[in-house]
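Please look at the model first.

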Amino acid sequence: MGEIEQKRKTVFVTVGTTLFDALVKAVDTEQVKHELLRRGYTHLLIQIGRGSYIPHKCEGEGGSLGVDYFTFSSSIAEHLRSASLVISHAGSGSIFETLRHGKPLIVVVNEDLMDNHQSELAEELAERKHLYCARPQLLHETITDMNLESLLPYPAGDAKPVISLINRFLGFPDD
């Protein structure tokens, strides 16, 4: 009997246009990679943005998690479409684009940012059960405890104009 090709299940990690080495380091730990593998994920694709931390690449042979990374992409939409799970920074653009694609989402809050209004958005959406919210050092526990079936779909509608207005008002880039 030949080896059955395992269905590819990719976890896509995005830091947007920011620097968020704490998130990249968190997903690159053996604990997190082991837990993702245990939950049936086969590949981990990490967008590292402006970060200096380089994750460990792995082909994914012999039952290990395949790991790859890149700095920037002209559009993350393609990566979002093919992802089975998204782990993102708390940028409103990344959050709403992921929810619009109907993908399960863990938002990791960057605690190094001052006046972090992004964490308020992530925590509010987590309270409404649209996503999970985590800190880098607690990402492993969030993945271990998450029940993706309990997440509620985000109601359709184009939030981009509102997001842009809020971001401009607060002095944030559009993401």
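## Cysteines, rings and a helix

Cys 133 is partly exposed, because its relative accessibility is 24% and the class lies between buried (under 20% relative accessible area) and exposed (over 50%), with a 1.4 Å probe and protein chains only. Cys 58, at 30%, is also partly exposed. There are zero disulfides, a disulfide being a pair of cysteine sulfur atoms within 2.5 Å.

This is a predicted model, where local features need pLDDT of at least 70, side-chain atom pairs count only at pLDDT 80 or more, and totals for chains, interfaces and linings use all residues. Residues are numbered from 1 along each chain as its sequence is written, and side-chain values use heavy atoms, without hydrogens and water.

Two aromatic pairs are present. Rings of Phe, Tyr and Trp (its six-membered ring) pair if their centres lie within 6.5 Å; planes under 30 degrees apart are stacked, over 60 edge-to-face, the rest tilted. Phe 12 and Phe 70 are stacked, because their planes stand at 5 degrees, with centres 6.3 Å apart. Phe 12 is in strand S1 (residues 10-14) and Phe 70 in strand S3 (residues 66-70), so the pair ties together parts 58 residues apart in sequence. Strands are DSSP runs (E, at least two residues), and helices likewise (H or I, at least four), numbered from the N terminus. Both Phe 12 and Phe 70 are buried.

Two lysines sit over tyrosine rings. The rule: NZ of Lys or CZ of Arg within 6 Å of the ring centre and within 35 degrees of the ring normal.

| Charged end | Ring | Distance to ring centre |
|---|---|---|
| Lys 9 | Tyr 41 | 4.6 Å |
| Lys 57 | Tyr 69 | 5.2 Å |

Helix H4 (residues 92-100) has eight of its nine residues buried. Among them are Ile 95, Phe 96 and Glu 97. Gly 102 follows H4, with a positive phi near 70 degrees.
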